[in-house]
Amino acid sequence: MALPLDIPANKSKIAHPPHPYYPLEVEITGYLANEWSVPALLGAFSTGCAVIFGMTYIIIRRVQPRMPVHEVLTVMWFVLSGSIHLFFEGYYALNQARMGELQTLFGQLWKEYALSDSRYLTQNAFVLCMESMTAICWGPLSFVVASMIAIQHPLRHPLQAMVSLGQIYGDVLYYATSLFDHYYLGITYSRPEAYYFWGYYFLMNFFWIVIPGILLYNSVSATGEAFKQVQKLGLSKKTT
């Protein structure tokens, strides 16, 4: 990772880098430039997210027409998270060895994102393990939590807290390993342009710290309140 204006000292040593990723000398097996334009890729991703949100909203309003708005938004969040974790990140986990040559929609989206973190094209051990565990664990569980919110299941908050904490933990490690490599090992993974670092790397991942943080707080508060009411009920029975 690089700060927006960082320029590696070795840049001048590479006259014609074979790809646009940093470090410029890193080897990316079978790399092919994306066929789609950046607006087309971002438009496709945004459209996909909008479709997921729209379908989830329609379904939840039919199942629970009186559900509070904040609960509807929470269901929509978990369905979107589950879709991204299971399908998009799962796609990476299955195809990471040949990601540099793929021209599928997901392949090109990952190559575009990798301009902010080239580890996604170099079979990095941490990124592969982190994305694989996210797809296997938090993907399906996100859908489970969404359904539990819809039916008002009593296990909703324990599982919501589990998934949210897992998302925060993975994101913190993702940031930390990149920062360690940058500041201690001098390895830069992001291009120096500000929008790659702040737009792709920072902002797109920061959502999975802020929103899960709020949901984790809500679940801990709800669980604490439930135990408080149970304790009060137990004391009242003892005094009668």
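Biologist: In what order do the elements run from the N terminus on?

Modeller: Keep in mind that this is a predicted model. Starting at the N terminus, the elements read α-α-α-α-α-α.

Biologist: What box do the C-alpha atoms fill, and what share of the residues is buried?

Modeller: Taken along the principal axes, the C-alpha box is roughly 85 × 40 × 30 Å. For burial, the cut-off is under 20% relative accessible area. Of the 240 residues in the protein, the buried share is 41%.

Biologist: How much of the accessible surface belongs to carbon and sulfur atoms?

Modeller: The protein's accessible surface is about 13,100 Å². The carbon and sulfur part of that is 71%.

Biologist: And how far apart are the mean positions of the positive and negative charges?

Modeller: There are 14 positive and 14 negative charges in the protein.

Biologist: Now Gly48: is it buried, partly exposed or exposed?

Modeller: Gly48 sits in helix 1, which covers residues 38–63. Its relative accessibility is 30%. Buried needs under 20% and exposed needs over 50%, so Gly48 counts as partly exposed.

Biologist: How far apart in space are Gly48 and Leu80?

Modeller: Along the sequence, Gly48 and Leu80 are separated by 32 residues. Going C-alpha to C-alpha, their distance in space is 9.7 Å.

Conventions:
Residues are numbered from 1 along each chain as its sequence is written. This is a predicted model: local features need pLDDT of at least 70, side-chain atom pairs count only at pLDDT 80 or more; totals for chains, interfaces and linings use all residues. Side-chain values use heavy atoms; hydrogens and water are left out. Helices (H or I, at least four residues) and strands (E, at least two) are DSSP runs, numbered from the N terminus. Buried means under 20% relative accessible area, exposed over 50%, partly exposed in between (1.4 Å probe, protein chains only). Accessible areas come from the Shrake-Rupley method with a 1.4 Å probe; for residues, only the protein chains shown count as cover. Lys and Arg count as positive and Asp and Glu as negative; His and the chain ends are not counted. The place of a charge is taken as NZ of Lys, CZ of Arg, CG of Asp or CD of Glu.
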